[in-house]
Amino acid sequence: REAVDLFVVNLFKRDFGSAALLSFARAGAFDGVQMVIVMVMLTFCVPCFNSTMLLLKQEKLPTTIFLWLGSFCISLLLGWLISKILLQCTF
C-alpha cells in the first residue's frame, strides 16, 4: 500500500516522492529487497506532472504519450525483473 502511495505522490513531484520514500523507510515500512525495488521503480517511473508539461511544450502530443507510457512500462518491467532476481537469492 505504501508503494502505491509513493507512486501517486511521485507523479505530482519527484521531490515529494523521494521525501515520502525516506519517511516510509524510517518507519520500517519496507525491508531491504522492497526498498531496492521501490527505488528502481521510482527512478524509471513516469515523469512527474512538471516534466510532462515541459514535454508537451517541447514535443508533440504523440511523442509525449509514447515517452510517458514507455517509461511506465520500463518501470514496471524492471521492478518485476529485479523482484524476481532478488527474491530468488537468499539474503
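What follows is a chat about a predicted model of one chain.

Colleague: Before I start, what kind of model is this, and how are residues numbered?
Modeller: This is a predicted model, where local features need pLDDT of at least 70 and side-chain atom pairs count only at pLDDT 80 or more, while totals for chains, interfaces and linings use all residues. Residues are numbered from 1 along each chain as its sequence is written, and side-chain values use heavy atoms, with hydrogens and water left out.

Colleague: Okay. How many helices and strands are in the chain?
Modeller: The chain has five helices and zero strands. Helices (H or I, at least four residues) and strands (E, at least two) are DSSP runs, numbered from the N terminus. Read from that end, the elements go α-α-α-α-α.

Colleague: And what box do the C-alpha atoms fill?
Modeller: Roughly 45 × 25 × 15 Å, taken along the principal axes.

Colleague: What share of the residues is buried?
Modeller: 29% of the 91 residues count as buried. Buried means under 20% relative accessible area, exposed means over 50%, and partly exposed is in between (1.4 Å probe, protein chains only).

Colleague: What about the accessible surface of the chain?
Modeller: That comes to about 6400 Å², and 71% of it belongs to carbon and sulfur atoms. Those areas come from the Shrake-Rupley method with a 1.4 Å probe; for residues, only the protein chains shown count as cover.

Colleague: Switching to contacts: what percentage join residues at least 24 apart?
Modeller: 68%, among contacts between residues at least 6 apart in sequence. Contact means heavy atoms within 4.5 Å.

Colleague: Now the helices. How do H4 and H5 pack?
Modeller: Two packed helices are described by the angle between their axes and the distance between the axes. For H4 (residues 49-58) and H5 (residues 61-88), the angle is about 145° and the axes are 8 Å apart. Axes here are lines fitted to C-alpha atoms, for helices over the stretch in contact, and angles run from 0 to 180 degrees between N-to-C directions.

Colleague: Which residues meet there?
Modeller: From H4, Thr 52, Leu 55 and Leu 56 meet Leu 61, Thr 64, Leu 67 and Trp 68 of H5.

Colleague: Take Thr 52 then. Buried or exposed?
Modeller: Thr 52 sits in H4 and counts as buried, because its relative accessibility is 14%. Leaving aside neighbours within four places in sequence, Thr 52 is in contact with Pro 47, Thr 64 and Trp 68.

Colleague: How accessible is Leu 67?
Modeller: Leu 67, a residue of H5, is at 39% relative accessibility and therefore counts as partly exposed.

Colleague: Last one: what is Ser 75 in contact with?
Modeller: Met 41, Phe 44 and Cys 45, leaving aside neighbours within four places in sequence. Ser 75 lies in H5 and is buried, with a relative accessible area of 2%.
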